[in-house]
Amino acid sequence: MGEMAELLSIGTVQYLQAAALLLVGLYGIVARRHLLRKLMAMNILQVAVIVFFIALSAKSGATVPVVVDEAGGIDVAAYVNPLPHALMLTAIVVSVSTTGVALALLIRIRRRYGTLSETALLDKLRE
Amino acid sequence: MSAHLPILIVVVPLVAALVVPLLGRRTPGVAHAVTLAALIFALVASGLVLARVVVDGVWRYQLGGWAPPWGIEYVVDPLSGGMMVLVSFLALAASTYAWSYLLATDPGRIGLFDSLYLLLVTGLLGIVATGDLFNLYVFLEISAIAAYALLAMGGDRATVATFRYLLIGTVGSSCYLLGTGYFYALTGTLNMADLTERLSGVGESPAMAVGIGLIVVGLAIKAAVFPFHGWQPDVYTYAPPPVTGFVAAAMTKVSAYAIFRVLYFVLGGTPVAASALVFLGGVGVLAILAGSWLALAQTDIRRMLAYSSVGQMGYIVLGFSIGSPIALVGALFHVLNHAVMKSCLFLVAGGVRWRTGFSSVASFVGMGRRMPLSMLAFAVAAVSMVGLPPTVGFFSKWYLLLGAFEARAWPGVAALVVSSGLSAVYFFRVLERTFVVSDDRLVATESRELPAGMLGPVLVLAAAGLLLGLFQQPLITHVIQRALPATVS
Amino acid sequence: MDLASRPLAAVLVSLLAVVLLPLFDRRPTVRETITFTAAALKLALVASMLPAVLAGQVIEGATLPLVAGLSLHLRVDAFGLLFALTASSLWLLTSVYSLGYLRATASTHQTSYYVSFAACLSATVGIAFAANLLTFFVCYEVLTLATYPLVVHARTPEALGAGRRYLVYTLGAGQVLLVAIVWAQSIAPGAEFTPGGFLAGRASTATLGILFALFIAGCGVKAAIMPLHGWLPAAMVAPTPVSALLHAVAVVKAGAFGVVRIVGYVFGVDTLRATGADIALMLIAAATILVASVRALGEDNLKRRLAYSTIGQLSYIVLGAAVGSVAALTGAMFHFAGHGFMKIAMFFSAGALHTEAHRDGVRGLDGLGRQMPMTMTAFALGACGLAGVPLLAGFIAKWNLGVGALEAGHVVLVGVLVTSGLFNVAYFFPIIYDAFFKAPSGQVREAGWPMVFPLGVTGAAALCLGVAPDLGFHFFTLARLAAESIVAGGGVPQ
């Protein structure tokens, strides 16, 4: 395989994608002034980790890990690794719960202070 | 049943957390009784498990009979056993305190509060009990989500502070998860013991350095180690007192435990772990100085205590970094000291605010007369935080200093001494107002002592601070010294 | 009770009082009974160990083990017993005196006063009986904390200021001392006090020099070695019994005790000579003696003048330790008892002047010698003793110090001692002259018996100890035993 091909081989793209999402998420959390946008950035960050794990399980030429025919023994190379998928299901649940709690908090902030903009909020808190 | 104790310690509070909100609507008393019963069970069971582990060595419990590395296993050694006892003890103390507080402030939400509280305890006990890196992440998030909800119960400002904590905390746990992913990619396993074994065959690689960096930073954010402490002061300041009293004491300590577990057990002795520890040493020294200095500048007592915690986490991390047996004994003993004493301090500070509406340092004038027993407990805990004998804080500082001396870690020695001086200033400033300064306007005011249900836990914690120092020998020889990794002792 | 459990019992008996006293907040009689019982029991316990120690025995007391090689450990040797005897006998007398003084001044916060006092005495006896540096430090810091409520007893802004200053000095020094102790512990695990020292040959001369400087800086604050003395005159805002027992006996003596322990039992005289630190310590002590004398002359407040006198007298002890010969050490150690009794007699007198004659200055005491004969006689006895007049307790110490200095070839020090004696005359005799040889103005009567009795006893003790230094508690023999053990143990590598 040539260098270019290796770079584009399965997995690598996803790693780059994960890295990009991670940076986007971090940037959003730090730089965005609106709390809802910060929350969305946080979600992007979590997705980055999920993509990273899924990329770990990827194999070239493999298929879903559902073993139909056990008779000939299991060829490990023929299936993608199911474990990261299972782990990420849990991670998604965690992400959903965190988001839920965060949204509940945002609703309360919005009701009390009438804004979700960080700058406006800071002004109100200072009073 | 006793064969399943390690899992029951985690499961019983979890089940109770599901039951309690159902009971809470009609009969808050029953709901809280169930909560306390679950916590007492956790404490007793932790004690039994610890006793067995101390005698027979490590207890490996395989969940659902699946052998590791495929199944998840719980591993209780003297380190995790000791942490379990500590966490459940603190939980029980703060929960007892919470009853009188909630009954007076918000009786309608007792069931809800207790449910979240039990979830938080479940998460923390799980972190300590598990022998699996991903399972640790799950418990980290269980405890965090429960904590977000609890902390936000402190009111409007608490909500804003908690939202910030949620963002930063999620970044921390994502970092941890990502780091775990690196190690999974390197070794194909998430079981801690298995990982340790396989890593020896992998050798050094940049991936390992990145992985460990992510894990350490992630946990450091959770443990509020300087400079990752930004979320902590606001959260501790505005949360309801029974929550701060537990969260400030237990949550950061459990994260510190996770750092210790990863760096000394999972990756013990590897060069990357060693460089991570060097990094933590520098961070620790800065944390000690910055935390104490910032605490000095605070006018709100709760914020002062929060910054003091930043400094105290520095003590612990510094001890980890030095890494000699005596320094590690000091660090672990300081985990105990800080957990028990800071819990006591926050519970009293919260109680004062609840009874009098005051929380500024200046408003503590004459408080020694109005709340004599609570303030006595506060004084004991403050003296322990400064590190003066005969409290437990002196002895943990003694071991840390001795460790720093033996390792010729002069910046550490200097930081410990300077920080003791600074904390003496900011704590005695409070104590002077509390006990010595007399204000004629206060003479007429009646006693404002906490009700027995809140006073009891506070006094028990303070007594522990006095007695654990003097009668530490069984604790140190049977638990803490055995909790050290084999590579060190 | 067997001998081995007595040291701990002696420490705990006053701690028991600490626990009991707050329960009787509103019942002064019960409170005072508890204090007296504890004080008497403590003195009896401490004194009961005297025969064994005089027979040359070292009593091993209770041990509370910590980690391997570390323990809290009590041990009674001649030097420790000497200090404990002084402190506990004076506590009993001061308790009687406090009774009269607090009632005469209608003082508030009396319970916290008695509680702190009892805690201080536990700590002081703990310091005296400490067998290693860790135990010493634990008790030393407890003493600091327990004294603070007494310093701020008056609750005035001035008292608060003095309290803050006291804490800054003593806690700051405590940290320095802690560093020194941890360092010594890391050089020689266990750090048990050994006559003749345990650090000899364990580290380089330079290391030992720095370590010694840290130790002296740490203990020097409580021992009020100049320039670390600033807290002591300020702390004189405390009630007179507090100044008397704590600032003349327990706290400052704890510092001086620490200095002697460090010189004689941690480093050893020979090791110090090798580093040259003995000369440095001598210079500091001599300078403190002279400067304190000059400062005392300039103070118009009686208690502050006494405070500066204390600063000078403590440095006699430091000087004796620095010289390090048997005679000098004996003199220094005897001064623990001698200075204790003399200075407390003077403070008791100053307190009686405060409550009865309402005089706090050094002037205006005209004719009081005739109106308050007991008070002023006790004062005069103490003053003469401190000046080193023969047949009084101070002379014994000074004589031995002088002999020791000559033996060691430090002739200059004899000059220092003589000069200081002259200064003592200069700043105390005008007071005595006014009191006895000028005509009285106004009606003043002697204080009540709870105040007169203790000051009479201590004044008499100043005389008795001068005539027969071994009378009663055998202070001189104890000092001699301890001094000989230090010198005999010197140079023996551990």
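The structure is a predicted model. Chain B touches chain A, through 23 residues of chain B and 25 residues of chain A. Chain B also touches chain C, with 25 residues of chain B in contact with 23 residues of chain C.

**Contact between chains A and B**

- The contact draws 25 residues from chain A and 23 residues from chain B.
- On the side of chain A that touches chain B, helix H3 (35–57), helix H4 (82–113) and helix H5 (118–126) of chain A each contribute at least two residues.
- The most is given by H4(A), which supplies 13 residues to this side of chain A.
- This side of chain A comprises 18 nonpolar, four polar and three charged residues.

**Contact between chains B and C**

- In this contact, 25 residues of chain B meet 23 residues of chain C.
- Helix H16 (392–406), helix H17 (410–436) and helix H19 (473–483) of chain B are the elements that give two or more residues to the side of chain B that touches chain C.
- H17(B) provides the largest share of that side, eight residues.
- By class, the side of chain B that touches chain C holds 17 nonpolar, six polar and two charged residues.

**Helix H5 of chain B**

- Helix H5 of chain B covers residues 133–151, 19 residues in total.
- From its first C-alpha to its last, H5(B) reaches 26 Å, close to the 27 Å expected at 1.5 Å a residue.
- H5(B) is largely enclosed by the rest of the structure, because 19 of its 19 residues are buried.

How values were computed:
Residues are numbered from 1 along each chain as its sequence is written. Chains are lettered from A and ligands numbered from 1 in the order in which they are written. This is a predicted model: local features need pLDDT of at least 70, side-chain atom pairs count only at pLDDT 80 or more; totals for chains, interfaces and linings use all residues. Helices (H or I, at least four residues) and strands (E, at least two) are DSSP runs, numbered from the N terminus. The expected span of a helix is 1.5 Å times one less than its number of residues. A residue is buried if 20 or more other C-beta atoms lie within 10 Å of its own, exposed if 12 or fewer, and partly exposed in between; C-beta atoms are placed from the backbone. Two residues are in contact if their C-beta atoms, placed from the backbone, lie within 7 Å. Ala, Val, Leu, Ile, Met, Phe, Trp, Tyr, Cys and Pro count as nonpolar, Asp, Glu, Lys and Arg as charged, and the others, Gly among them, as polar.
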